[in-house]
Amino acid sequence: LWPVDDRVTANAVIEGRTRQLVTAPFEGFVAEPLVRPGDRVQQGQSLLRLDTRELVLEQARLRGELDQAAGRLRQAMADREAAAVALATAEVAAAQGQLSQVDGKLARAELRAPMDGQIVSGDWTQQVGAPVALGKELFELASADGWRVVLHVDERDINRLRSGQTGELRLAGQPQDLHALQVNRITATASLQDGVNGFRVEAQWVGDAPALSPGMQGVAKVTVGQSHLLDIWTRSTRHWLRLKLWTWWW
């Protein structure tokens, strides 16, 4: 019956404090991937090039149409034909608009890093020529200016966690080291992990963070108060029994 620290155990993963997605600016095909997950990149660095051959042909065609429309406009103005001038002016405006759209796509065909960081996901080295849809996620970047710990807390334990509670973490890649952390945000985002429904809880380091990479995993234990060993050892059984009795009871 001796009271001991009551702790909630949860799987943990390391994420960058700031994360950004790089998406496809238009429908196209992968021409040349330049980075892979794990690579560190600088803001403005090229990540991937989309195929622009069809766009270049379209650009040449539209430039020809624009030149022709401009020629018709000059001729109509020389002939002082108001109707022909109006028609040619509309044709010039339409060609200029279409050409601007193609020029914009060509300018965005080379995807660049929006910030300094590390590539977390997006391996296109084996998918050269693969089609991509507008808005498709191509890369995920994690900033290198800080990390956070994300816990997957079982739904049976989520009501015992509070912001400000402290705990400890051991990483799978550094099992010999014990790191202190503090809960700073409990979200309403539920997810299924290893068959267990749980909620996302974010924590921050207490003190200096170790050498980390996004995606590293481990196990965290958060102290939620004190309890007796008998209560801790039988808690899951009592929870299961209560739910079953409620299910069976008329």
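Q: Where is Q127 found in this predicted model?
A: In this predicted model, Q127 lies in the loop between β7 (117-121) and β8 (131-132).

Q: Why is Q127 called partly exposed?
A: Its relative accessible area is 35%. Buried means under 20% and exposed means over 50%, so Q127, at 35%, is partly exposed.

Q: What makes the approach of the Q127 side chain to D123 a polar contact?
A: The side chain of Q127 reaches the backbone oxygen of D123 at 3.4 Å.

Q: How far apart are Q127 and H152 in sequence and in space?
A: Q127 and H152 are 25 residues apart in sequence and 32 Å apart in space, C-alpha to C-alpha.

Q: How do you know that β3 and β8 pair?
A: Strand β3 (residues 28-33) is joined to β8 by 2 bridges, and the two run antiparallel. Pairing takes at least two bridges, so β3 and β8 pair. F29 has P131 in β8 as its bridge partner.

Q: What makes β3 and β5 a pair?
A: Antiparallel β3 and strand β5 (residues 46-50) are joined by 3 bridges; with at least two required, they pair. V30 stands opposite L50 in β5.

Q: Why are β2 and β4 edge strands of the open sheet?
A: The open sheet has 4 strands in the order β2-β9-β7-β4, with antiparallel pairing. β2 (19-23) and β4 (40-41) each have a single partner strand, so one side of each lacks a neighbour in the sheet. For β2, 5 antiparallel bridges link it with strand β9 (residues 137-143), where L21 stands opposite E140.

Conventions: Residues numbered from 1 in each chain as written. Predicted model: local features only at pLDDT ≥ 70, side-chain atom pairs only at ≥ 80, totals over all residues. Heavy atoms only, no water. Buried < 20%, exposed > 50% of the residue type's maximum accessible area, 1.4 Å probe, protein only. Polar contact = N/O pair within 3.5 Å; in protein donor to acceptor, adjacent residues only side chain to side chain.
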